[in-house]
2 protein chains.
Amino acid sequence: MARTARAAGLALRPHVKTHKIPQLARRQVEKGACGITVAKLGEAEVMAAAGIHDIFIANQVVGDAKIVRLLALARRAKLMVGVDSLEVAALISRACAAAGLRLRALLEVDVGFGRCGVSLDKVAALAAQMAKLPGLNLVGVYTYPGQVYQARNEAEVEGLAFEEARELREAAAKMRAFCDVESVSGGSTPTAAHYRPDCGLTEIRPGAYVYHDRTSVALWAARPAECALSVLATVISLRGDDRAILDAGVKALGREPAARTEGWAAVKGAPGAVVDRLSEEHGFLSLGGSDLRLKVGDRVELIPNHCCVVSNLFDEAVAVRGGEMVDVWPVAARGKMR
Amino acid sequence: MARTARAAGLALRPHVKTHKIPQLARRQVEKGACGITVAKLGEAEVMAAAGIHDIFIANQVVGDAKIVRLLALARRAKLMVGVDSLEVAALISRACAAAGLRLRALLEVDVGFGRCGVSLDKVAALAAQMAKLPGLNLVGVYTYPGQVYQARNEAEVEGLAFEEARELREAAAKMRAFCDVESVSGGSTPTAAHYRPDCGLTEIRPGAYVYHDRTSVALWAARPAECALSVLATVISLRGDDRAILDAGVKALGREPAARTEGWAAVKGAPGAVVDRLSEEHGFLSLGGSDLRLKVGDRVELIPNHCCVVSNLFDEAVAVRGGEMVDVWPVAARGKMR
C-alpha cells in the first residue's frame, strides 16, 4: 500500500481501527506511512502511548470529558481532528484557546456516503467561520467514500474514486480563500489503487488492506491468498457429509455482510466451503461446494467478511509466518468505549 | 425468571454467556438458580474462579488442550459437559478415566434447530454406548430450541416449547434403559414462560432474560421497559431534522437482526426512533417515527437487538439504579478465545 500511494504521489495515513495493534501501526510507519488515522480518542491515546507521533482522529470529538482528553493528548502528539459543524469546532476551539493550544483540524466533507460531513455547497461558509476560531488551525478537508462498498463492478470503484477526488479538490479550492490547505485526505482500501497522480488528493487513509478480507476480494482490492487475518476454528460436530459445526460464531466472526459474496466466512484454501449460518458460538460450515472432508477435531482457518470487526472481538492476535507462531500481539486499542 | 421456573416445577440454570459477569452469575444463584450454564470452557473457568460451583458447559469440548483444562476444572467445580458424538465422548472419557474422574455429561438432542445434537432415533444407540464409557457419567439430555427465534406469533412459541418438551421427554425415556436420567434440560428466554408443570423437563437454561433486548420484546418475552441493557451513545452530527449520527456502530451494538423488528437498535423512551444503518463506529439514527428532537452532544440510551453480543463487545458494564451509577462490573468472561 505504501508503494501504491507513493506511485500516485500520495501520502499514506493508514486507518489503524482495522487492527488496533501498536506493533502493526509502528510497522506501517516504518514502511512509509506519514502517520496514522484512528476512529476515536481511546484508540489515539493507546497509539500515542505506544510512540506513534502523528495521529489523525477521523471523527467528530464531542463532549466535555472527551475534549479534556483531547487537549491532554494534543500536548503529547502531533494531533489532528475531524470537524463537520461550527458548533463542535467552536467547543474544541474554546477549550484549546483557553489552554494556549491551536489544534489542527480537517473539515469533513460528505461525497455521497451520507454519514458525517457537509455537502460541497456548505464548505466555503463553514471554512470562513472555522478559520476565525482561535484554538483551531483548519488545514484541509477529508472524506470517507463508504458508498464504495456497494459497487457492482470495478469500473464503479474507479468512478467513485474519481468523483471523490473531484469533490475534495473543489472543497479544497473553496477553502483556500480562508486558510492554507495542507491536507486533502480521502480513500479506503477498495479505492486506494484508483487515484491518479494529479487527482488533487494529498493523502489516503485505507485500513483493511493491512489484513484484507472477503470484502477486499469482492471489491477487486485483493486476491484470496492475500487475506492475512483468519480465525482458527475447530470442528465440534458433523451433520451428514456436507455440513460441519465449528466453534466460531458471531462472537468470533461478527455478522457483517460482504459485497457480492455469500455467507459469513470462507475457509482458507478450500474454495466453495462457506460458513452460511451463525449462532453466538457456532458456525455452520457448508462443504457442498468444495472438496473438503472434515472430521470432528479438525481445524480450519476462516477468512471473515470484515476483518476490522473481527479484530475488535479478540484480546490478542497471533502472528504466524510459514506455519510457525512468531509473536502474540495484544489488540491494545480494543475495548475503548469512548 | 426464578419464579417462572419454580411455578412450572423446573430448576433454573441461567446461561451466563449473556452477561459474562461473575457478580451477576452469583446474584442469579442467590435468587434461586440451581447453577449456571456456559457456552465454552473459558467462561466456565472464569465463573469457577469466581466461586460458582455448579456449571454446565452446554457445548461440545473438543481438542486435547481443552480436555486437559476440562479435567483441571472438574476437580474444582461440579462440572457437567454436553456430548453429541461417541467420538468426543470417548476422548473425554478416556482422559477422565486415566485421571480417576467420572465427568457428568448430558447428551445433546436436536429438536429442529439443526446445529449440534442428535436426532431422536439415534438417542438409544448412543446412550447405550456412552453409558459404558468409564470416565463419563451420562445423566440426561439437553437441547436448545433455537428455531424459536423464527416464530411468527406467540402460539408458535408455545407450540415449539410443547414440541421441545415432548421430544426431550421421549429422548429421556429412551435413555432410561441405560442410565439414570437426572436432568432433562431445555429452554430459552422466549420459550421459558411456556413450559407446563408436567412437561417432562427438569430444568431450563434461558440467558437473555437477565437483560432482555429487542428480540425478547419481539418474541413476547419482555416489554420495552424491561430491557435493562443499553448502550449510551452521543449525537456527533445531524443530517436535517430527522436523522442524527451517533458514536455507536457495529463495534458497540453488533449487527444482529431481531425477529419481526426493523433496524439495529431502539432509543429507550422514544418509540419510533431507530438506528437503521451502521458503520463500524457510527449509528445512523432515524427520528422520523418519533417526537425526539436532538442536538449535537445529546445522549441517548440504545436498546440493542441482541444483548448477548453487545456484552461481548465491552470490557465493563456500568450498573445504574434510578439514574445513579452504583457499580462497574468487569465483563470477566469476555474475550475467551477457547
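Visitor: Between which two elements of chain B does Lys20(B) lie?

Guide: Happy to show you. This is a predicted model, in which local features need pLDDT of at least 70 and side-chain atom pairs count only at pLDDT 80 or more, while totals for chains, interfaces and linings use all residues. Residues are numbered from 1 along each chain as its sequence is written, chains are lettered from A and ligands numbered from 1 in the order in which they are written, and side-chain values use heavy atoms, leaving out hydrogens and water.

Lys20(B) is found in the loop that runs between β1 and α2 of chain B. Helices here are DSSP runs of H or I with at least four residues, strands are runs of E with at least two, and both are numbered from the N terminus. Lys20(B) has a positive phi of about 60 degrees, although it is not a glycine. For background, most residues other than glycine have a negative phi. Lys20(B) counts as buried because its relative accessibility is 1%. (Buried means under 20% relative accessible area, exposed means over 50%, and partly exposed is in between, using a 1.4 Å probe and protein chains only.)

Let's move to His15(B), in the loop between β1 (11–12) and α2 (22–30) of chain B. His15(B) is buried, since its relative accessible area is 11%. Its side chain reaches the backbone oxygen of Thr37(B) at 3.5 Å. If we leave aside neighbours within four places in sequence, His15(B) is in contact (heavy atoms within 4.5 Å) with Thr37(B), Val38(B), Ala39(B), Arg205(B), Pro206(B) and Gly207(B).

Arg260(A) is not a glycine, yet it has a positive phi of about 50 degrees. Arg260(A) lies in the loop between α9 (250–253) and β11 (265–267) of chain A.

Back in chain B, look for Gly187(B) in the loop between β7 (183–186) and β8 (203–204). Gly187(B) is buried, because its relative accessible area is 1%. Not counting residues up to four places away in sequence, Gly187(B) touches Thr143(B), Tyr144(B), Pro145(B), Glu164(B), Tyr195(B), Ile204(B) and Arg205(B). Gly187(B) and Val157(B) are 30 residues apart in sequence and 11 Å apart in space, C-alpha to C-alpha.

Helices have hidden residues too. In helix α6 (residues 123–130) of chain B, the buried residues are Val123(B), Leu126(B), Ala127(B), Ala128(B) and Met130(B). Their cover includes β4 (78–83), α5 (86–98), β5 (103–108), β6 (136–142) and α7 (154–175) of chain B.

Next comes a pair of helices. In chain B, helix α3 (residues 41–49) and helix α4 (residues 64–74) pack at about 25 degrees, with axes 11 Å apart. (Axes are lines fitted to C-alpha atoms, for helices over the stretch in contact, and angles run from 0 to 180 degrees between N-to-C directions.) The two helices α3(B) and α4(B) are therefore roughly parallel to each other. (Angles under 35 degrees count as roughly parallel, over 145 as roughly antiparallel, 65 to 115 as roughly perpendicular and the rest as oblique.) On α3(B), the contact is made by Leu41(B), Gly42(B), Ala44(B), Glu45(B) and Ala48(B), and on α4(B) by Lys66(B), Arg69(B), Leu70(B) and Leu73(B). By class, these residues divide into 5 nonpolar, 1 polar and 3 charged. (Ala, Val, Leu, Ile, Met, Phe, Trp, Tyr, Cys and Pro count as nonpolar, Asp, Glu, Lys and Arg as charged, and the others, Gly among them, as polar.)

Now turn to chain A, where the axes of α3 (residues 41–49) and α4 (residues 64–74) come within 11 Å and cross at roughly 25 degrees. Helix α3(A) is mostly covered, with 7 of its 9 residues buried: Leu41(A), Gly42(A), Glu43(A), Ala44(A), Val46(A), Met47(A) and Ala48(A). What covers them includes α2 (22–30), β2 (36–38), β3 (54–60) and α4 of chain A. Just after α3(A), Gly51(A) takes a positive phi of about 95 degrees.

Our last stop is Gln28(A), in helix α2 of chain A. Gln28(A) counts as buried because its relative accessibility is 10%. Leaving aside neighbours within four places in sequence, Gln28(A) is in contact with Pro14(A), Val16(A), His19(A), Ala33(A), Tyr209(A) and Val210(A).

Note on methods. A polar contact is a pair of N or O atoms within 3.5 Å; within protein, one must be able to donate a hydrogen and the other to accept it, and residues adjacent in sequence count only if both atoms are side-chain atoms.
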